[in-house]
Amino acid sequence: MQLYYSPGACSRASHIALEETGAKFEAIRIDFTSDTQHSPEYLAINPKGRVPALVTGLGTLTETCAILPWIAQVFPEAGLAPTDPWAFAQMQSFNAYLSSTVHVAHAHGRRAARWSDDPAAQESMRAKVGANMAASFEYIETLLGDDPWVMGAQYTVADAYLFTVSAWLKSDGIDIADYPRTAAHREAMLARAAVQAVLARESA
């Protein structure tokens, strides 16, 4: 398998999940600063021009919400997803919220041009990012309990995704300390060997 990623991007969640499985894979960095994601070579792999992209023996899979449960199901011995259908759906509901609401709120700060060509409108979008991210994490705090992980006692791919997205708070002007359960989750994640390995690889 080959995982195409960019440091700090949403691809980090898939990167961590793969590392957790112990499976062999090649991590290939896509450099956003040099617009590598729009190169003909990468567009041949992922025409969307985004990360992550996971090349498997079955084909190429894109979108975090698809890659994470696929990893969990292909490597069930890693225990990265609930086996109960309702609990699995709840995990996917959480992942979808991160993808469709939180990530989009964050992207309005850096990718406002996706939604408008008007500079004033773009600035208005950027000005709203902090409030939208704060509201999102106020909601996430209500979903997290006293157990260490998103799904309670069981560590899942949703934890890799939350860890990835919560890292964006600082750049959006939000103090993670205002969200104690999210902050505790982040500290628990930083203690995991797979997370440490991925962060080291991304910073190399």
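Analyst: Helix α7 covers residues 180–190, and its buried residues are Thr182, Ala183, His185, Arg186 and Met189. Seen down the axis of α7, these fall within an arc of 160 degrees, so they line one face of the helix. The arc is taken from the directions between the helix axis and the C-beta atoms. Buried means under 20% relative accessible area, exposed over 50%, and partly exposed in between, with a 1.4 Å probe and protein chains only. The face of α7 turned away from the buried side carries exposed Pro180 and Glu187. The cover over the buried residues includes α5, α6 and α8. Contact here means heavy atoms within 4.5 Å. Helices are DSSP runs of H or I with at least four residues, strands are runs of E with at least two, and both are numbered from the N terminus.

The model is predicted: local features need pLDDT of at least 70, side-chain atom pairs count only at pLDDT 80 or more, and totals for chains, interfaces and linings use all residues. Residues are numbered from 1 along each chain as its sequence is written, and side-chain values use heavy atoms, with hydrogens and water left out.

Now the core. The largest nonpolar core holds 46 residues, and Ile71, Leu98, Met133, Phe137, Ile140 and Leu162 have the most contacts inside it. Two or more residues each come from β1 (2–5), α1 (11–21), α3 (64–74), α4 (85–110), α5 (119–143), α6 (157–166) and α8 (193–203). α6 gives the largest share, 7 residues. Such a core is a set of buried Ala, Val, Leu, Ile, Met, Phe, Trp, Tyr and Cys residues joined through side-chain atoms within 4.5 Å. Beyond four places in sequence, Met133 touches Val102, Ala105, His106, Leu169, Asp172 and Ile174. Another core, of 7 residues, lies apart; Ala9, Ile28, Ile30 and Tyr42 are among them.

α1 is mostly covered, with 9 of its 11 residues buried. Its cover includes β1, β2 (26–29), β3 (53–56), α3, α6 and α8. Gly22 follows α1, with a positive phi near 80 degrees.

α4 supplies the largest share, 6 residues. By type, the lining divides into 12 nonpolar, 12 polar and 6 charged. A pocket is an open set of points on a 1 Å grid over the protein atoms alone, where a 1.4 Å probe fits, with protein on both sides within 12 Å along at least five of seven lines; lining residues have an atom within 4 Å of a point. Grid points join across faces, edges and corners, and a volume is the space filled by probe spheres set on them. Ala, Val, Leu, Ile, Met, Phe, Trp, Tyr, Cys and Pro count as nonpolar, Asp, Glu, Lys and Arg as charged, and the others, Gly among them, as polar.

The second largest pocket has a volume of about 160 Å³. Gln90, Ser93, Phe94, Tyr97, Tyr139, Leu143, Val150 and Met151 line this pocket.

Pro52 sits in the loop between α2 (40–45) and β3.
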